[in-house]
Amino acid sequence: MKKRLLLLASLITILFIAACSSGDSDEANGTSNGNDEDGITVWAWDPKFNIKALEIAEESYKAENPDFELNVIENAQDDIVQKLNTSLSSGTTKGLPNIVLIEDYRVKSFLEAYPDSFHEVTGSIDVNDFTPYKVAATSIDDKNYGVPFDTGATGLYVRTDYLEEAGYTTEDLQDIDWNEYIEIGKKVKEVTGKHLITNDHNDFGIIRVLIQSAGSWYTEDDGVTINIADNEALKAAFEVYKNLVEADLMAVHSDWNQLLEAVNSGSVASLPTGNWFTPSIKAEESQSGNWAVVPIPSLPGVEGATHASNLGGSSWYVLNIDGKEEAVDFLTSTFGSNVEFYQELVKEMGAIGTYIPAMEAGAYEISDEYFGGQEIYNDFTKWSGEIPEVNYGLHTYAIDDILIVSMQEYLNGGDLDKVLENAQKQAETQIK
Amino acid sequence: METTNLNKSIKQKSEKYKFKPKKGLIGWIFILISVILICLFYFYPMLQALLLSFQSGAGVNLQFVGLENYTRLFSDPTFLAALFNTVIFFLIQVPFMIILALMFSVMLNNKKLKFKGLFRTAIFLPAVTSLVAYSVIFKYLFSNNGIINTILMNLSIISEPILWMSDPFWAKIVIILAITWRWVGYNMIFYLSALQNVDESIYEAARMDGASAFQQFFKITIPMLKPIILFTSITSTIGTLQLFDEPMNITGGGPGNATLTISQYIYDLSFEYTPDFGYASAVSFAIVVMIVFFSIIQFKLAGDKK
């Protein structure tokens, strides 16, 4: 018995020592967590877009601050989300970057879940310089947390040669709604045999585009109250989706590579998506001159329906750790205020920001031969200013997953009102 | 006289063992290290997870909610769908794989078989591949214009490509095929090694009595392998209940949530949606309960009635 007590005692002592020592080492490492004074660490994804933009920003900032050092760590977006969640929830700041790129749909959940972990940038940037929808996406209660970056302004990429074959021009695609576009699509399909669009049933991007174009979202303006069952825009979007499927105008892909293949091989006639898709279209050089970008069709019969919407897009956030001042300075003097930098961005890589002075300075008036000489960047920025402002709220992806299942039920013959009512109930129980 | 002496010496011997505290202590110290490490890295986190499962909230704003997370489980359609999928995978895939592994092992155990090593390696090889790598390859094999569809169409078995990833039924089939491919060889190795221990003379005697190959298989091989079959079905059950990599990488849980597994739901709750680690750990404890439950059933079904 005594022995056991002794054993237990020694066990506890060792555990205690182990616990203490691990605490010590944390503290010791806390101060030198890779963010030493002259280096700013950034986590971002997509080397061709976001990281390239960072490199251009670094160059521009270095002209003024030659000692500046930027360590860009490239990770897939999913990995960044996961790493941020694990680090922030564990309460340790060890290994966290100074700046992180977060998608607009997702950022509110981070800001809400880890309220003290992000550094406010209110006052460091002039919010009037940025497109309103982007400011809404990066702020909570008038407090700005993000330096807005790219716009996800959407357009309808169309194959002009296919349209021509079916007897249409891009003029016929201006200011139409989805029902009219579906009629055009039927004709195109008849003549060319090509699907009108391609979509992944598991990716609800297109539905989000449609409802935001009518100024609606899954949640009310407070970002929390579920708005599914009585959401006219969502209903209309579901109907459009079903019409596209039933008229056999929608090809199906199941991942990004299949999407690229469908578009680049010429097996679809159009694609409504964010402007960041431009480089992927241009990757297929043989189709140069065969593409154009028009505004997306509007939702039929919905009040406040527009031709502008947003898909994706992300912004820069500064974490509340050592080096935040320098990080903020870097962001505000590049992404936050530098017109020349934005001109460089669009010239080098076709990235469109949401910085209004850059738009006004004519940074985007570049005609693109690939799109038949169309000034697509200018068009996108114009549409970007028309995007209805919505609050993405906390639960975009959770509701997405619920609605993806609802869509399957609806496509299989379910009654739309009932399907959405069920989704509303489910979302209300699931999301707290 | 002799017997009392003997008794005495036995008694002395046993007393000798009893009064050797040092020997015991050294033994304890040896296992102490692993005991501490296991406590630290297994039981302590488990305990923390259990405590966490009584809390709920976004990210770090956790609040104590008692058993609410567990009652929420039963009214959460996504969890119930994930549970349903997982049970389907487990009910269909585990028996299918076990039978296949048994067949392969008996075939490979055949003394007359040539190139045995080659076949064994070929069947075992999938088990050493990375889960993610093979999942991605399966995804491409079964893509809409992938090689499987091409072959089936060239053989005129189907006239239009099957949209494997977009159909709830076929998506489940793909997942089942994938995990079966990955794990058959692994289970087969257990059976093969067990078969080495089965005395050849038993089969010889059976043959002398005129037993057919089928009779030999069902009356000798299966009973002899019973403990191993039990072991592999329990490990496979646990593996299937924790299924994550394959649905994550091949179908992403889709279409809809037709291939969503419980583990993937935990991932979604923690990293995909606004993180609710409390509810996520309640879901993970649901897996624990299920594993215990199914393992007990398997023990009861297959175990000796002692």
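The following legends describe close-up views of a predicted model.

**View 1. The overall fold of chain A.** Chain A contains 17 helices and 12 strands. Its radius of gyration is 24 Å, close to the 22 Å that the globule rule gives for 432 residues, so chain A is as compact as a globular protein of that length. Along the principal axes, the C-alpha atoms of chain A occupy a box of roughly 90 × 60 × 40 Å. Of the 432 residues in chain A, 47% count as buried. Among the contacts in chain A with a separation of 6 or more, 77% join residues 24 or more positions apart.

**View 2. The two domains of chain A.** Chain A is divided into domain 1, which comprises residues 39–151 and 312–363, and domain 2, which comprises residues 154–309 and 389–430. The C-alpha centres of domain 1 and domain 2 of chain A lie 28 Å apart.

**View 3. The contact between the domains of chain A.** Here 17 residues of domain 1 of chain A are in contact with 13 residues of domain 2 of chain A. On the domain 1 side, the elements that give two or more residues are helix H4 (104–113) and helix H5 (132–138) of chain A. H4(A) gives the most to this side, with 5 residues. By residue class, the domain 1 side divides into 7 nonpolar, 5 polar and 5 charged.

**View 4. A three-stranded open sheet in chain A.** The 3 strands of this open sheet follow the order S10-S7-S11 (chain A), and their pairing is antiparallel. Strand S10 (270–274) and strand S11 (291–294) of chain A stand at the edges with a single partner strand each, so one side of each is left without a neighbour in the sheet. From one strand to the next, the twist averages 30°.

**View 5. The pairing of S7 and S11 in chain A.** Strand S7 (residues 154–159) of chain A pairs with S11(A) in the antiparallel sense over 4 bridges. Within this view, A:Leu156 stands opposite A:Val294 in S11(A).

**View 6. The interface between chain A and chain B.** In this view, 30 residues of chain B are in contact with 32 residues of chain A. The elements that give two or more residues to the chain B side are helix H2 (21–52), helix H4 (77–108) and helix H12 (262–272) of chain B. H2(B) provides the largest share of that side, 4 residues. The chain B residues that touch chain A divide into 14 nonpolar, 14 polar and 2 charged.

Terms used
Residues are numbered from 1 along each chain as its sequence is written. Chains are lettered from A and ligands numbered from 1 in the order in which they are written. This is a predicted model: local features need pLDDT of at least 70, side-chain atom pairs count only at pLDDT 80 or more; totals for chains, interfaces and linings use all residues. Two residues are in contact if their C-beta atoms, placed from the backbone, lie within 7 Å. Ala, Val, Leu, Ile, Met, Phe, Trp, Tyr, Cys and Pro count as nonpolar, Asp, Glu, Lys and Arg as charged, and the others, Gly among them, as polar. The radius of gyration is taken over C-alpha atoms; the globule rule is 2.2 Å times the number of residues to the power 0.38. A residue is buried if 20 or more other C-beta atoms lie within 10 Å of its own, exposed if 12 or fewer, and partly exposed in between; C-beta atoms are placed from the backbone. Two strands pair if DSSP finds at least two bridges between them. Axes are lines fitted to C-alpha atoms, for helices over the stretch in contact, and angles run from 0 to 180 degrees between N-to-C directions. Domain bounds come from an automatic or database domain assignment.
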